Amino acid sequence: MSAGGAFGGNRGARPVPPEKGVFPLDHLHLCDLEKKDYIDCLKSTGHKSEKCRQFSKKYLECRMQKNLMAKQDMSELGFGKEGELQTSTDE
């Protein structure tokens, strides 16, 4: 049996911060409408996320506006300029 275990843990290890965008959770449901639109789009397109990029962008913008994630330029999150976004969804 290993010395760490599920409850004992490795007491000397430093905690690792969560991945970007994971916390805080939207406990107050501030962006539920945007999340619902994105999930509905995914369901209607057979989970093809490239067809739902505009909803994903709106959801991330909502999270940034409500301080649920750090504010970042959308290009850092995989979104180009508006024109580039439109051409990528038209294909």
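**First stop: a pair one turn apart**

Select K35 and D32: they sit 3 residues apart in helix α1, so about one helical turn separates them. Helices here are DSSP runs of H or I of at least four residues, strands are E runs of at least two, and both are numbered from the N terminus. Show the side chains, and you'll find K35 in a salt bridge with D32, the closest N and O atoms being 3.6 Å apart. The term salt bridge asks for a side-chain nitrogen of Lys or Arg within 4 Å of a carboxyl oxygen of Asp or Glu. K35 has 37% relative accessibility and therefore counts as partly exposed; D32, at 28%, counts as partly exposed too. The cut-offs are under 20% relative accessible area for buried, over 50% for exposed, and partly exposed in between, with a 1.4 Å probe and protein chains only.

A word on what you're looking at: this is a predicted model, where local features need pLDDT of at least 70 and side-chain atom pairs count only at pLDDT 80 or more, while totals for chains, interfaces and linings use all residues. Residues are numbered from 1 along each chain as its sequence is written, and side-chain values use heavy atoms, with hydrogens and water left out.

How many salt bridges does the structure hold? There are 2. For the other one, pick D40 and K36, whose side chains meet at 2.7 Å, N to O. Both residues lie in helix α1, 4 residues apart, about one turn of the helix. D40 is partly exposed at 33% relative accessibility, and K36 is partly exposed at 46%. As a rule, side chains of opposite charge can pair when their charged atoms come close.

Now colour α1 (residues 32-44) and α2 (residues 53-65). Their axes come within 9 Å and cross at roughly 160°. Those axes are lines fitted to C-alpha atoms over the stretch in contact, with angles running from 0 to 180 degrees between N-to-C directions. The two helices are therefore roughly antiparallel to each other, a label for angles over 145 degrees. α1 passes α2 in a left-handed crossing, meaning that the near helix is turned anticlockwise from the far one by less than a right angle.

Which residues of α1 and α2 meet? Select E34, K35, D37, Y38 and C41 on the α1 side, then F55, S56, K58, Y59 and C62 on the α2 side. The residues of this contact divide into 5 nonpolar, 1 polar and 4 charged.

**Zoom in on S56**

S56 has its place in helix α2. Leaving aside residues up to four places away in sequence, S56 touches Y38 and F79, a contact being heavy atoms within 4.5 Å.

Go to H47, in the loop between α1 and α2. H47 has a positive phi of about 60° although it is not a glycine, and at 59% relative accessibility it counts as exposed. Then jump to N67, in the loop between α2 and α3 (82-90). N67 also has a positive phi of about 60° without being a glycine, and is exposed with a relative accessible area of 57%.

**Zoom out**

Finish with the whole chain in cartoon. Of the 91 residues, 19% count as buried. Among contacts with a separation of 6 or more, 52% come from residues 24 or more positions apart.

Definitions and conventions: Angles under 35 degrees count as roughly parallel, over 145 as roughly antiparallel, 65 to 115 as roughly perpendicular and the rest as oblique. Ala, Val, Leu, Ile, Met, Phe, Trp, Tyr, Cys and Pro count as nonpolar, Asp, Glu, Lys and Arg as charged, and the others, Gly among them, as polar.
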